[in-house]
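Good morning, and thank you for having me.

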Amino acid sequence: MRSLIAALLLGSALATPLPAQEAKQTANLSAPVKRFGRVSYDARSLMVDGQRLVIWGGEFHPFRLPSPDLWRDILQKMKAGGFNTVALYFDWGYHSPKQGVYDFSGIRDIDRLLTMAEEEGLYVITRAGPYVNAELSRGGFPGWLVNQRARARTDDPAYLAAVDEWLTQVDAIVAKHQINADPSRRYGVILHQIENELALTTPAQRRYMDHLAAKARADGITIPLFHNDQGRNGYWTPESSKIDKVVTGPNDLYAFDGYPGGTCTVEGKPTRDVAAPDWGYYGPGGAKGGASASPDTPGFLAEFGGGWFDYWGSNGGYACNAIQRGKRFQRVFYGTNLANGIGIQSFYMTYGGTSWGWLPAPVVFTSYDYGAAISEPRALREKALEMKQLGGLIASVPDLAGMIPAGAVEISSPNIQIYHNKNPETDARFLMVAHKPSNGQTSDVFRFTADLPDGRYSVPMQLNGFDAKWLVAGVALGGHRLVYSTSELQSAQVMDGADLMLFYGRAGEPGQTVLRYASAPKVTVLEGSATSAFDAAKGDLKLDYSHQGRAVLRIEGGGRPPLTLILADEAEGARYWRQEDALVRGPALVRSATVKDGTLALTGDTAEASLLAIWAPKAVRAVTWNGAKVATKAGVAGSYTALQPLAGPADIALPALTDWRVAKGAPEADPAFDDGAWQAIDNRPSASITARPDGQPNMGMDAYGFHDGDVWYRGRFTGTPDARALSLYYGAGGSGLVQAWVDGQFLGEGETPAGLPRPITTGTARFALPAGARSGEHVVSVMVRNNGHNWDLDSDDFHKEARGLISASLEGGPGGRSFAVPIAWKIQGKQGGENLPDVARGPANNGGQYGERMGWHLPGFDDSAWARASVPATQAQAGTNWYRTAFNLAVPKGQDATIALSFGDARIPRSPVRYRVLIFVNGWNMGQFIAHVGPQRTFPIPEGILNHRGRNHVALAVTSDGQPGDALESVRLVTLHTMKGGLPVQMVAAPNAPSDLKE
Ligand code: IPT
């Protein structure tokens with residue numbers, strides 16, 4: 001057997017090598033099984049309790065959904081959507097405002113999240129940093145680490161000491177939730193990532209990796225450890241893979257990431273210019289050439305594009321990303337991965353969420369929707385339903401785990417390729433039918449001929465447009481034998497000893513399914529149409545039909561248990577939800593199905609009045625939907641259908657936002673402002689990578705304990721006769737801002753540009769000095785908006801680029817020289833600096849705007865003394881003005897919704913007028929709107945931050961240059977997503993009024 005497999009792997013055994021797919025790679029099939037408690041692997045697959053598994057995972061970031069009750073909503077949607085695993089990044093900086101200070105409560109309670117994942121039946125992959133990237137400010141490093149001189153991601157002892165602080169805390173939580181921690185646990189953490197995309201592979205990095213692995217082990221993490229390589233470079237393959245041209249590490253598994261498939265055009269159109277790469281059995285080798293990057297360990301994509309991020313100043317790419325890496329792409333690309341032996345895949349992102357507050361890196365704006373399967377407002381996109389169908393196959397056919405190439409098949413069309421794999425133990429087959437190349441979009445009618453486990457068959461097929469088909473053949477399904485089917489299997493279940501199967505295909509295309517029997521079975525077409533023919537010599541029952549709505553067949557006798565066969569078109573198939581104890585048709589989501597005391601309790605969501613049909617075990621005598629009894633009658637083939645449709649959601653009446661009040665928010669510009677309590681800029685040492693001109697003090701905000709958001713500087717200088725300009729060199733991230741005043745007179749503003757691939761994150765702004773400033777004493781006031789620290793993608797300490805002012809000088813006329821005029825500076829950023837007054841909302845919520853320091857953003861702030869204002873406004877004072885209002889919501893009970901704040905004209909990505917808004921809802925900074933940059937105008941606020949049944953407060957910090965029209969446009973509430981159903985959501989506890997803040 002082994003030698004046969006080896007021969008097949010070498011691609012020699014079966015006839016007609018082209019145009020079919022031929023295996024080019026060797027996996028070391030004699031690699032020993034490596035065991036880590038209940039988790040083990042060999043070269044073919046991961047195993048839990050000795051059972052081979054396809055890991056079908058999706059990435060979710062708890063820090064991008066600051067409403068813990070909704071974490072369960074995402075996890076349930078993932079589980080119902082066919083995923084068996086959730087991959088979680090943790091953001092070190094989110095938990096640590098100050099060295100030695102950590103918080104894991106409330107929105108940071110990852111212990112609770114891991115419990116939820118287990119309860120919802122998902123395996124977990126933890127990716128705890130220390131560095132994660134993730135389009136987070138500093139790639140997840142805490143603000144205070146910017147002040148550390150030690151080079152990050154090396155074995156410098158100071159850096160390692162910082163890292164160990166975090167790891168000690170987070171590892172303890174991960175260790176507790178490992179599947180190994182409790183033998184009775186069905187789910188839990190199965191894999192753990194120790195670094196992300198560490199592309200520098202020097203000895204110092206190797207020692208750092210050794211430290212990280214040893215630390216995880218010392219902290220009780222016993223499951224396999226891995227690193228995520230930025231592409232299939234062979235960086236940090238396990239020590240055991242003694243092959244050329246790779247860099248080995250102390251980790252157990254080799255994993256890599258990939259985002260192939262092209263991107264959207266600037267106009268927001270998907271491109272299909274890239275074919276799916278063969279990153280395994282069928283590929284020519286890794287980027288390093290030669291054999292697989294890690295032949296002893298299973299194929300593992302720790303991230304594969306489940307969308308892509310969007311950037312400041314784009315035309316709004318998420319709708320396109322959802323298509324570009326959406327329906328069909330998933331089949332073609334994820335299927336190619338699976339065929340290539342990549343049996344561990346996690347899609348980044350599956351729920352992207354919101355980079356609220358100051359979480360985002362300079363490259364991204366607030367929404368991290370990512371075009372993911374679950375949209376930012378928590379709706380299942382069409383692509384999620386396709387994932388459900390693919391995940392259903394994976395759950396129904398355990399034989400798919402650990403497959404290897406089975407040899408070429410013959411294909412009648414040069415436009416088609418078929419990956420043909422087999423399970424060495426059961427001989428079951430996986431046939432991934434794709435175009436050749438896989439991004440082909442032709443419509444093809446063809447046959448393939450293959451030696452399948454039950455004989456040689458010539459199978460009629462179609463593949464129309466950009467698409468792929470995931471077929472299984474020669475496989476035992478319950479009490480039946482599937483010889484092959486040209487339809488795709490969505491679900492196979494056994495209930496009371498009888499079988500229930502759901503196949504689907506593209507609407508209007510023919511389908512053919514062949515099942516094997518000892519003698520002719522009785523076939524009854526209960527609904528729709530299908531023809532059957534029995535070949536007594538082979539024992540084959542061949543069913544022919546068209547995928548159109550659905551056909552329901554009952555097959556009895558023939559030496560097998562009764563079978564109910566549902567043959568659906570794709571849209572019909574998408575209406576079914578496969579649960580452990582039931583198959584349910586109708587609602588927009590079935591979250592859970594539990595049988596207890598003869599009652600099947602279903603929970604889920606409806607988008608409209610929905611018919612409900614259920615296949616369940618005979619013991620079920622009653623059905624409830626979201627707790628209410630559902631009267632049923634007998635339906636087709638042993639099913640039950642509800643007598644009445646389940647109700648859909650009601651319209652949500654949203655109030656207009658009126659009764660605005662306004663206050664001026666930049667008193668720091670006033671020369672008389674009292675900055676007595678501010679810190680003086682001194683010559684303290686800097687860890688910044690940004691060089692500053694000789695003689696200038698260290699003005700960078702981080703050195704003074706201010707890491708996120710806005711920072712103010714006030715300086716005093718003596719005027720000099722030739723001075724004509726004030727020049728400010730500043731660091732502000734992408735689309736950052738600097739504003740300056742002298743003696744209360746607004747000089748103007750400067751911005752860092754938007755755009756990819758790496759935004760320009762520092763800039764110099766030059767302002768004309770008022771003539772009066774050429775002599776005497778003056779006060780200069782400067783506000784810098786820090787739109788995030790850089791990530792550390794290349795491990796070059798790029799996250800330590802300076803933020804805030806870097807240098808300031810008085811200069812002569814245009815292009816003139818600088819004068820050595822000393823400016824005595826003071827600085828003020830967020831209240832308390834690293835000592836957070838508001839621990840619940842945490843380090844990312846606030847910067848140093850005056851209104852933030854005074855608690856104007858908080859719901860309980862008393863604004864009754866503020867002036868009344870009308871919105872939209874036509875004129876703003878230069879600087880920042882705060883607008884506040886309140887409103888009530890009354891979302892019907894038992895109805896889920898995501899409500900958003902929307903600014904101006906939602907049809908255009910950017911406004912003709914220039915201003916920015918920090919959006920506070922009930923005290924939470926839920927994002928930044930930059931009117932003239934865009935593209936985001938609509939900001940979803942998750943329930944729990946937003947009170948869906950009660951009072952809400954909005955505070956908007958509007959920053960403008962004061963030019964006519966550069967003022968707040970219309971602001972309104974919009975509903976982005978609503979369903980009847982959902983989960984109960986508690987408001988997130990956090991300080992209500994300024995007096996609740998810690999001193
Ligand atoms: C890769 C990172 O691992 C991840 O954190 C995130 O940044 C993602 O991609 C992009 O959203 S990095 C990239 C260079 C592939």
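Let me begin with a definition: two strands count as paired if DSSP finds at least two bridges between them. In this model, which is predicted, strand 25, covering residues 510–516, and strand 28, covering residues 540–546, run antiparallel and are joined by 7 bridges. Looking at one of these strands in detail, Gly 511 has Tyr 545 in strand 28 as its bridge partner.

Both strands belong to an open sheet of 8 strands, whose order is 15-17-18-21-22-25-28-27 and whose pairing is antiparallel. At the edges stand strand 15 (404–405) and strand 27 (531–535), and because each has a single partner strand, one side of each is left without a neighbour in the sheet. Helix 8, residues 329–339, packs on this sheet and touches strand 17, strand 18 and strand 21, with its direction at about 135° to that of strand 18.

Now to the rings: how many aromatic pairs does a search of the whole structure find? The search finds 56. One of them joins Trp 660 and Tyr 883 edge-to-face, at 6.5 Å centre to centre and with 75° between the planes. Trp 660 lies in strand 40 and Tyr 883 in strand 52, so the pair ties together parts that are 223 residues apart in sequence. Are these two residues buried or exposed? With buried meaning under 20% relative accessible area, Trp 660 is buried at 2%, and Tyr 883 is buried at 7%.

Finally, a charge and a ring: Lys 388 lies over the face of Trp 577, 3.4 Å from the ring centre.

Note on methods
Residues are numbered from 1 along each chain as its sequence is written. This is a predicted model: local features need pLDDT of at least 70, side-chain atom pairs count only at pLDDT 80 or more; totals for chains, interfaces and linings use all residues. Side-chain values use heavy atoms; hydrogens and water are left out. Rings of Phe, Tyr and Trp (its six-membered ring) pair if their centres lie within 6.5 Å; planes under 30 degrees apart count as stacked, over 60 as edge-to-face and the rest as tilted. Helices (H or I, at least four residues) and strands (E, at least two) are DSSP runs, numbered from the N terminus. Buried means under 20% relative accessible area, exposed over 50%, partly exposed in between (1.4 Å probe, protein chains only). A charge sits over a ring if NZ of Lys or CZ of Arg is within 6 Å of the ring centre and within 35 degrees of the ring normal. Contact means heavy atoms within 4.5 Å. Axes are lines fitted to C-alpha atoms, for helices over the stretch in contact, and angles run from 0 to 180 degrees between N-to-C directions.
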